[in-house]
Amino acid sequence: MRILLVEDDQMIGEAIRTSLRQLEYVVDWVRDGGLADSVLQTEHFDLVLLDLGLPGKDGIEVVRSLRLRKVSIPVIIITARDGLEDRIKGLDAGADDYVIKPFAIEELAARLRSALRRSSGQTEPAIQIGDVLINPATHEVKRHDVTVPLSAREYAMIEALLLRPGAILSRAQLEERMYGWGEEVESNTVEVYIHSVRRKLGTSFIQNVRGVGYFIPKPTSTTTSTPTT
Ligand code: CA
C-alpha cells in the first residue's frame, strides 16, 4: 500500500514516515503542497496524509484540486489546526477524515485502515478469498486456519491487488504500488513474489492473464452480509 505523506514539519514528517514504514506501508514524503499536487497527477498512491499549512499550496487546495479532477483517492488531513472551521473546510473540500496533531500513531494507523477499507468498498475487517483469510489490521494471513508467514513485499503485493479484487494490475502497476521513490526494483521482482505467494497460498490465489497482468479473485466470504442501505 503506497501512501503520499505531505508534511512540511521535518520532525513530524520523519516520525510519521518511520512509524508507517514499520507497519509495512510504502511511504513517499513531500514537504510542499504544489509538489504534492503535481506528483498526485503523475503517480499512483493509495492514500494521502495531508497537512493543511504547507508552503507552495495549502492542503485544502490540494484536496480541492484532486476532487476537481475526479480523483477519489482517500485523503486524511493531519493538522494542528483544531479549529472547527478548518475541519469543516477540509471535509467540505473532499477530505475523508482528519487527525489532530499530536496524535498516537496507533490512531492514525486505524484511521488509515478504515479509509482504505471504505475506498475498496470492503465493509468487513477480514477478507476471505477461497481458503485464504486476510486480516488487514494485523497483516495476518491464514490458509486453512494456519498462519502463513509473508515478507513485507509479499504482503504489499497482496494488499495492492486486494484494493480492487477482480481488477487486473500489470507488472508495472504492481511495482509502482510495492516500491517507493529511491527503492531499487530488480527486473523480475514481481514474478519472484508472485511465485512465492502462490507457493504459500495456492496457485489460484493470484491469477494471471497472460500478457496483461495479475489479479486476486473477488472475496468469497460467506460471513460477509450484503450491506443494507
Ligand atoms: Ca505545516
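Visitor: Which spacing do the donors of the calcium ion follow along the chain?
Guide: Donors are N, O and S atoms within 2.8 Å of the metal, or 3.2 Å for Na, K and Ca; water is not among the atoms, so sites may look incomplete. Here the spacing is D-x42-D-x1-G. This is a predicted model: local features need pLDDT of at least 70, side-chain atom pairs need 80 or more, and totals for chains, interfaces and linings use all residues. Residues are numbered from 1 along each chain as its sequence is written, and side-chain values use heavy atoms, without hydrogens or water.

Visitor: Which residues coordinate the calcium ion?
Guide: D8 and D51 each give OD, and G53 gives O. The distances run from 2.1 to 2.4 Å.

Visitor: Is D51 buried or exposed?
Guide: Read the relative accessible area (buried is under 20%, exposed over 50%, partly exposed in between; 1.4 Å probe, protein chains only). D51 is buried, because its relative accessibility is 4%. G53 has 30%, so G53 counts as partly exposed.

Visitor: Which residues touch the most other members of the largest nonpolar core?
Guide: A nonpolar core joins buried Ala, Val, Leu, Ile, Met, Phe, Trp, Tyr and Cys residues through side-chain atoms within 4.5 Å. The largest one has 26 residues. I134, M157, L174, F205 and I206 touch the most other members. At least two residues each come from β6 (127–129), β7 (132–135), α6 (152–162), α7 (171–178) and α8 (189–201). Such elements are DSSP runs, numbered from the N terminus (helices: H or I, at least four residues; strands: E, at least two). α6 supplies the largest share of this core, seven residues. Another core lies apart from it, with 20 residues, among them V6, F45, V48 and L50.

Visitor: What is M157 in contact with, leaving aside its neighbours within four places in sequence?
Guide: Contact means heavy atoms within 4.5 Å. M157 is in contact with L174, M178, V190, Y193, I194, V197 and I206.

Visitor: How many residues line the largest pocket?
Guide: On a 1 Å grid over the protein atoms alone, a pocket is an open set of points with protein on both sides within 12 Å along at least five of seven lines; in a cavity, a 1.4 Å probe fits but cannot get out; lining residues have an atom within 4 Å of a point. The largest pocket holds about 390 Å³, counted as the space filled by probe spheres set on points joined across faces, edges and corners. Its lining has 20 residues, and H44, F45, D46, I73 and L163 are the closest to its centre. That lining has eleven nonpolar, four polar and five charged residues. Ala, Val, Leu, Ile, Met, Phe, Trp, Tyr, Cys and Pro count as nonpolar; Asp, Glu, Lys and Arg as charged; the others, Gly among them, as polar.

Visitor: How many cavities of 30 Å³ or more does a search of the whole structure find?
Guide: One. The largest cavity has a volume of about 210 Å³. Its lining has 16 residues, with M1, L116, Q122, P136 and E159 nearest the centre. α5 (105–119) and α6 each give two or more residues to that lining. Eleven lining residues are nonpolar, two polar and three charged.

Visitor: Where is the cis peptide bond?
Guide: It joins K101 and P102, with omega about -5°. P102 sits in the loop between β5 (97–100) and α5.

Visitor: Where does H144 lie?
Guide: H144 is in the loop between β8 (140–143) and β9 (146–147). Its phi is positive, near 50°, though H144 is not a glycine. H144 is exposed, at 54% relative accessibility. D145 is found in the loop between β8 and β9. D145 has a positive phi of about 70°, and a relative accessible area of 67% makes D145 exposed.
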